[in-house]
Amino acid sequence: MRRLFGFVVAMMIATSSIVCAGPAVAARSDAAGRLESVLAKTNGRAAVVAVYRGRVVASAVRDADIYSPLHLASISKTLTATAVMRLAERGDIELDRSIDTYLPGFFDDGSRVGNQPVSAFLNHATGLRSQNLRAVGSGLTSYAEYARQAAASSPDSAVGRYLYSNDNFVLLTMLVETVAKRPFNVAVQQLVWDRLGVPGGYLDVTTRGTQVLGGAGAWVASPYAVAVLFDALNPDTPGKKLLSRQWLERMHMVTYAAEYRNGLRYRNDAWGHTGSLARVRSAAVVGRSGTVYVVLSEGAKPASSDRLFDALARLG
């Protein structure tokens with residue numbers, strides 16, 4: 001039955017124009033009920049939405065709606081990676097060149113971090129461990145300061161092996177800002193959200209936890225906007241895309257580890273991303289049917305956002 005749900009969602013739009021609308025209404029009710037079950041796994045302000053080919057199919061909300069700005073946490077990484085890929089497609093950067101090429105003076109000479117290619121940062125393959133909590137504890141108050149801390153670090157793990165780290169994406173935040181020659185939030189607005197034609201939200205720099213994260217985890221946007229973003233990164237569906245087919249395929253290509261590909265998580269036959277902060281749980285999933293599911297919640301449930309990803313992935 002779960003395998004049929006994605007097909008049901010995809011067919012709801014096709015059947016909605018039929019005069020006898022009973023089956024479509026029933027399907028829409030079933031879809032909303034399944035999203036309610038995902039919503040029930042969260043607490044606090046939250047919204048879940050299913051979007052198929054740009055149209056909202058179903059939603060479930062609590063103290064918010066699908067257009068309410070909510071924290072993305074690490075789903076912000078997909079947004080940052082998209083900005084990097086847009087710069088690469090334009091020819092402003094090369095993914096195989098070392099990151100210090102684009103951040104002159106940021107790294108010490110001979111740095112084992114700065115001499116790694118941009119692609120290693122996109123794929124968490126630099127050997128760096130997350131030090132955002134250390135950054136907060138040290139009194140750092142901006143993502144630029146955190147990036148300086150990351151730049152001065154040394155790999156803790158084998159270079160080329162997957163190790164998820166906020167350090168990678170705070171350095172990519174600085175890359176986008178430097179190459180685009182404008183503040184990160186402005187660059188992302190122009191590179192991503194303006195192209196999609198949806199309100200893209202903003203970067204939260206108001207809390208101790210988020211002010212250091214930048215593009216690693218501090219973006220705020222609506223569930224609907226996030227769904228539009230992921231649909232625009234799907235090479236297998238029609239509609240507005242953020243990259244050419246060649247570059248979309250490159251974004252989804254395995255470069256280091258199959259589970260993480262240029263800002264996209266692959267898990268349980270689905271792809272998307274997850275996010276967690278102290279009181280944020282989020283997940284975005286592109287199902288087998290091409291339907292995009294997004295849940296954003298500002299609460300501390302469930303314990304792991306992977307549970308939300310898996311629940312959405314089962315919808316198909």
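Modeller: Let us begin with burial: a residue is buried under 20% relative accessible area, exposed over 50%, and partly exposed in between (1.4 Å probe, protein chains only). Arg34 has 18% relative accessibility and therefore counts as buried. This is a predicted model, in which local features need pLDDT of at least 70 and side-chain atom pairs count only at pLDDT 80 or more, while totals for chains, interfaces and linings use all residues. Residues are numbered from 1 along each chain as its sequence is written, and side-chain values use heavy atoms, with hydrogens and water left out.

Colleague: With which residue does Arg34 form a salt bridge?

Modeller: A salt bridge is a side-chain nitrogen of Lys or Arg within 4 Å of a carboxyl oxygen of Asp or Glu. Arg34 pairs in this way with Asp30, their closest N and O atoms being 3.4 Å apart. Asp30 is partly exposed, because its relative accessibility is 31%. Both residues lie in helix α2 (residues 22-39), four residues apart, about one turn of the helix. Helices (H or I, at least four residues) and strands (E, at least two) are DSSP runs, numbered from the N terminus.

Colleague: How many salt bridges does the rule give?

Modeller: The count comes to nine salt bridges. One of them joins Glu298 and Arg45, with 3.3 Å between the closest N and O atoms. Glu298 lies in strand β10 (residues 292-298) and Arg45 in strand β1 (residues 45-52), so this pair ties together parts that are 253 residues apart in sequence. Arg45 is partly exposed, at 31% relative accessible area.

Colleague: What is a pocket, and which residues line the largest pocket?

Modeller: On a 1 Å grid over the protein atoms alone, a cavity is a set of points where a 1.4 Å probe fits but cannot get out, and a pocket is an open set with protein on both sides within 12 Å along at least five of seven lines; lining residues have an atom within 4 Å of a point. Among the residues that line the largest pocket are His71, Asp204, Arg279 and Glu298. Its volume is about 210 Å³; grid points are joined across faces, edges and corners, and a volume is the space filled by probe spheres set on the points.

Colleague: What is the volume of the second largest pocket?

Modeller: The second largest pocket has a volume of about 160 Å³. Of its 13 lining residues, those closest to its centre are Tyr164, Thr274, Gly275, Ser276 and Ser305. Strand β8 (residues 270-277) gives the most to this lining, with four residues.
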